Amino acid sequence: MPLELLVPKPTSVLQVSQNAKVIVASAVYGSDVKVVVGDASSSILLKIDSDHSLFEPNAIVEYLSKAKLTSHDWDLISIEETKLYNLLKQGEAKKLDQNISQLLSELLDKVGLKAPLSAGAVIVFGALYGLVATNGKGALSQDLQLTLWYQKFSGESRVKSGLKETDAFVIVAAAASTASKATPAVSTTPLPER
Amino acid sequence: SRTNRDQANAALVKLAPADLTEIQSAELNQWLTVSGRFPEGIEQLNETLKTRTYILETHEATVADAVVLSRIAGTVKSWSNDEVKLNRHIVRWLDLVQNVIGIKDEDKVTVNKDLEAPREIK
């Protein structure tokens, strides 16, 4: 029986990132996962069985990857959970700090040698996807190596197939979640280039 | 990254992460991430503890209980009576965990067990 992954229609750049992480993970790791896009008031949830579910996106990616993570992966995840998360939470996504993008590039380079689609890479990609969704690729322009990594990762066939779930990546107006159902959701952000 | 208090509390539990099942390991990662963002996620913790003695549904306290305890103790200490009632499952769990893992008395959070809260519909 497939696992069920519920993702909301996003109302913020942070939610776009969180959706990207779990949807890409479900596509990349070939897991038997059924993705369901809920309304804007729902939350990310991976139902594992009748008694167990996960709601935190990074934990979901790690669970789906079924792999033992390297220290480089944990370093990537640590940067994502602090620096990138806080940046995305600000709402109006800013450009990446040069020191952070350089550090990410170095770690992604090391991770890429053994497992280019590791959980650490998927988690960082999801976070960057949110930044690119709101600021375009200029968000990564501080670091050419990181931009190249992002392009290569997003061009991978399994990643591309995951990112086809458009409803999960187009930001809808927050009020739409509480307003009358007759009110159409308003797209405020163009999809990032794929 | 864990603080010194996280490390000290984690050292008090006997059950090693290697003893956890695949799902419990995933839940451990989840709570280590979520507890780093408290007060975000406190509601979810209270909901989880509604039906569990320990966070990972184990028979004894794990590193998840120890680390989450270290990260929430200061917040619980500052709660008003209404907040204690609202988060009663966290308060019950905290009182249990701080006693079973052997937190020093001077570091324990004093829990008011006499507050009456309306019965919850489960």
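**Working chat: a two-chain model**

Visitor: Where is B:E57 found?
Guide: B:E57 sits in the loop between α3 (42–49) and α4 (63–77) of chain B (helices are DSSP runs of H or I, at least four residues; strands are runs of E, at least two; both are numbered from the N terminus). This is a predicted model, in which local features need pLDDT of at least 70, side-chain atom pairs count only at pLDDT 80 or more, and totals for chains, interfaces and linings use all residues. Residues count from 1 along each chain as written, chains are lettered from A and ligands numbered from 1 in written order, and side-chain values use heavy atoms, without hydrogens or water.

Visitor: Is B:E57 buried, exposed or partly exposed?
Guide: B:E57 is partly exposed, since its relative accessible area is 41% (buried is under 20%, exposed over 50%, partly exposed in between, with a 1.4 Å probe and protein chains only).

Visitor: What about phi of B:E57?
Guide: Phi of B:E57 is near 60°, which is positive, and the residue is not glycine. A:K66 is another such case, with phi near 55°. Most residues other than glycine have a negative phi.

Visitor: Where does A:K66 lie?
Guide: A:K66 is in the loop between α2 (57–65) and α3 (71–89) of chain A. A:K66 counts as exposed because its relative accessibility is 51%. A:K66 also lies over the face of A:Y63, 4.1 Å from the ring centre (NZ of Lys or CZ of Arg within 6 Å of the ring centre and within 35 degrees of the ring normal).

Visitor: Which residue lies over the face of A:Y85?
Guide: That is B:R37, at 3.5 Å from the ring centre. B:R37 belongs to the loop between α2 and α3 of chain B. With a relative accessible area of 14%, B:R37 is buried. Not counting residues up to four places away in sequence, B:R37 touches A:E56, A:E81 and A:Y85.

Visitor: Which residues does the cis peptide bond join?
Guide: B:F38 and B:P39, with omega about 15°. B:P39 is in the loop between α2 and α3 of chain B. Most peptide bonds are trans.

Visitor: Next, α3(B). Which residues are buried there?
Guide: In α3(B) the buried residues are B:I42, B:L45, B:N46, B:T48 and B:L49. Their cover includes α2 (22–35), α4, α5 (81–86) and α6 (88–100) of chain B.

Visitor: On to chain A. How many helices and strands?
Guide: Chain A has seven helices and four strands. Along the sequence the pattern is β-α-β-β-β-α-α-α-α-α-α. Of the 194 residues in chain A, 48% are buried. Among contacts in chain A with a separation of 6 or more, 73% are between residues 24 or more positions apart.

Visitor: What is the strand order in the sheet?
Guide: The sheet is open and has four strands of chain A in the order β2-β1-β3-β4, with mixed pairing (strands pair if DSSP finds at least two bridges between them). The edge strands β2 (33–38) and β4 (53–54) each pair on one side only. Strand β3 (residues 45–47) and β4(A) run antiparallel and are joined by two bridges. Across that pairing, A:L46 stands opposite A:L54 in β4(A).

Visitor: How many aromatic pairs over all chains?
Guide: Seven (Phe, Tyr and six-membered Trp rings with centres within 6.5 Å; planes under 30 degrees apart are stacked, over 60 edge-to-face, the rest tilted). A:F125 and A:Y150 count as stacked because their ring centres are 5.0 Å apart and their planes are at 25°. That pair links distant parts of the chain: A:F125 is in helix α5 (residues 119–135) of chain A and A:Y150 in helix α6 (residues 144–155), 25 residues apart.

Visitor: Are A:F125 and A:Y150 buried or exposed?
Guide: A:F125 is buried at a relative accessible area of 0%, and A:Y150 is buried at 1%. Ring pairs link both into a cluster with A:Y129, A:W149, A:F153 and A:F169.

Visitor: Last one: what is A:L104 in contact with?
Guide: Leaving aside neighbours within four places in sequence, A:L104 contacts A:L76, A:I79, A:L84, A:L96, A:V124 and A:L146. A:L104 is in helix α4 (residues 98–114) of chain A. Its relative accessibility is 0%, so A:L104 counts as buried.

Note on methods:
Contact = heavy atoms within 4.5 Å.
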